[in-house]
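The sequence and structure are shown first.

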Amino acid sequence: MPASASTNLPLDLIGRLKSSEGEAKLKALREVKNQIIGNRTKKLSYIKLGAVPAVVGILAGAADSDVPLLVQSAATIGSFACGIDAGVKAVLDSGAVPHLFRTLSNPDAKVVDASARSLRMIFQATLAPKYDFLIEKNMEFLLSLLNSDNENVTGLGASIIIHSCETNIEQKALCDAGVLQRLFYLLEGSLNQRDASLDSIATIVKNNSNVISKFVGLVGGTALSTIAELTKDRNPRTRLLACICLIVIGNAFPCYLQDIGTKTKLILILVQLLGEPDQVGDESPFALANLIAEKEDLQKLAFEVDAVDKLCNFLHKGPLQVKRLQGILLALGELCSKVEICRSRFLSLQVLNVVTDALNHDSLDVRIAACICMRNVSRSAKNLSAGRFMNEMIVTSLVQLLNDPSTSVQVAALGALSNIVVNFTRQNSIFIQCGGMKELVRLSKSMDSALRLNSVWALRNLMFLADKTHRGDIFLELTSSLLASLICDPEPLIQEQSLALVRNLVDGCINCIELVLADDGIIINAVGRQLWRSLKPEVCIQFRVRTVLNIV
């Protein structure tokens, strides 16, 4: 092996990082940085060998005048933190953050740039520490970052806000300190400053009507029109972030998004951005879903501009990256949540099999999104009656998800099954044969109240219009003692669904009344106790409703 190659081996390089000679450390830093950039395997190898503490030690020990060492050590720390949680953890555990903040005051611009870039990479990670805006000196420091002439430093300030601002109190503190006004002025800066500012503004105003009111009134009330203008920007990311800002504001104050033209334009922009590569294309379907969520008028507008077709086309093209697939499924789910023509169009485009495949995806988030999409598409009574969803592939996949290690996936699968098991076509034998009924009963005994609620909800709909034999089978599996305990569950919503289940059990079937009176009247006694005790109208009303179906 040539001598030059042997000196570049990881253990040798780490040894040189600990050298007392400045030149040897500098060369080793450059070599380590060059080896780990874009190479996850080498990055993990160096982390395991303890390279990160050695690099942080160089940053901590270098004099302010030792510019090359400061620049290279700061840049190498950023490379370790870029794109990998193990790297961020190693950097944090090595105490790098305080040293990087310290070097921001270095008189050399190259040092400041390198440190600011590395800190941005750290604060873009979920593992990064939260910044306490409520401490006065921290707020002053943040403002000094945003007021800097250095683009990387202002970008760092924005990254800190995006990562750390979570509560209404923090949003108000940032607003009162003048942060929103400074971010608004930065919209006139470079492309990076503009995008970072838009992202930060959306974070500060999200779900906070008081802060939104103050922001909209900035600079003579021009803030909203300035952001609206940025939706026309040439840069795709700027257009996306401007749309997100308007959506956040419009969700809190619909009056700011009353114009049909503005709403249509937002939908068109977000659908168009689906075709963009990388982060912009990944995030645009989430923004679209947020825009149209629970808004029937916007869902109809989206249908009119062919949003369903365009989203389904992406599913047909596949394969898609995990985040983009998740976002498209969620956007389609929202489109189909209230508008029947959207559901019909979705089903006509032959993508139901793609959604079914997504139920078995490796990604937890994709599985949940696929369940939500399936639940909303199956809200169609017409297509439920036609038996469109009661096929073996769909039912088996959803039943398997009832054993998923994630409770969130189980709850999402129950939501979809609650619609699909509705017995319009007498085809529930598929569901029962694959063990679905047993799984619902098992989950109705769960310690998790969300699982209990949604499993009882599904059992209630499974009982809806079932024939005598099926009702008896369900009751036999459920047992009178379990049903009585569910009627007396501590959660009012579970009480309500359990009583609705009883109503569906006895409705139109005289023989089933005997089941309610069996076992010394344990069920009817539980019903009587709840009627006497309950203060919730939703619980009491179940005694008056003839038959109960609730498509979720």
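The points that follow go from the whole chain to individual helices, loops and salt bridges.

1. The model is predicted, and the remarks below should be read accordingly. The chain contains 37 helices and zero strands. Its C-alpha trace spans about 90 × 65 × 50 Å along the principal axes.

2. Burial and contacts. Of the 552 residues, 53% count as buried. The chain exposes about 24,100 Å², and carbon and sulfur atoms supply 53% of that area. When contacts between residues at least 6 apart in sequence are considered, 69% of them join residues at least 24 apart.

3. Helix 12 covers residues 168-176, and its buried residues are E170, Q171, A173, L174 and C175. Just after helix 12, G178 adopts a positive phi of about 90°.

4. Helix 33 against helix 35. The axes of helix 33 (residues 468-478) and helix 35 (residues 492-506) come within 10 Å and cross at roughly 140°. The crossing of these two helices is left-handed. On the helix 33 side the contact involves R471, F475 and L478, which meet L501, N504, L505 and V506 of helix 35. By class, the contact comprises five nonpolar residues, one polar and one charged.

5. Positive phi outside glycine. Which backbone angle deserves attention at N207? Phi of N207 is near 55°, a positive value in a residue other than glycine. N207 sits in the loop between helix 14 and helix 15, and N207 is exposed, with a relative accessible area of 63%. E294, also not a glycine, has a positive phi of about 60°. E294 belongs to the loop between helix 20 (278-292) and helix 21 (296-304); at 60% relative accessibility, E294 counts as exposed.

6. A search of the whole structure finds 20 salt bridges. In one of them E166 pairs with K130, with the closest N and O atoms 3.0 Å apart. This pair links distant parts of the chain, since E166 lies in the loop between helix 11 and helix 12 and K130 in the loop between helix 9 (109-123) and helix 10, 36 residues apart. E166 is exposed, at a relative accessible area of 56%, whereas K130 is partly exposed at 46%.

7. D199 forms a salt bridge with R237, the closest N and O atoms being 3.9 Å apart. D199 is in helix 14 and R237 in helix 18 (residues 236-252), so the pair links distant parts of the chain, 38 residues apart. D199 counts as partly exposed, at 22% relative accessibility.

8. R345 pairs with D309 in a salt bridge whose closest N and O atoms are 2.6 Å apart. R345 lies in helix 24 (residues 340-348) and D309 in helix 22 (residues 307-317), so the pair ties together parts that are 36 residues apart in sequence. R345 is partly exposed, with a relative accessible area of 32%, while D309 counts as buried at 17% relative accessibility.

Conventions. Residues are numbered from 1 along each chain as its sequence is written. This is a predicted model: local features need pLDDT of at least 70, side-chain atom pairs count only at pLDDT 80 or more; totals for chains, interfaces and linings use all residues. Side-chain values use heavy atoms; hydrogens and water are left out. Axes are lines fitted to C-alpha atoms, for helices over the stretch in contact, and angles run from 0 to 180 degrees between N-to-C directions. Helices (H or I, at least four residues) and strands (E, at least two) are DSSP runs, numbered from the N terminus. A crossing is left-handed if the near helix is turned anticlockwise from the far one by less than a right angle, and right-handed if clockwise. Contact means heavy atoms within 4.5 Å. Ala, Val, Leu, Ile, Met, Phe, Trp, Tyr, Cys and Pro count as nonpolar, Asp, Glu, Lys and Arg as charged, and the others, Gly among them, as polar. Buried means under 20% relative accessible area, exposed over 50%, partly exposed in between (1.4 Å probe, protein chains only). Accessible areas come from the Shrake-Rupley method with a 1.4 Å probe; for residues, only the protein chains shown count as cover. A salt bridge is a side-chain nitrogen of Lys or Arg within 4 Å of a carboxyl oxygen of Asp or Glu.
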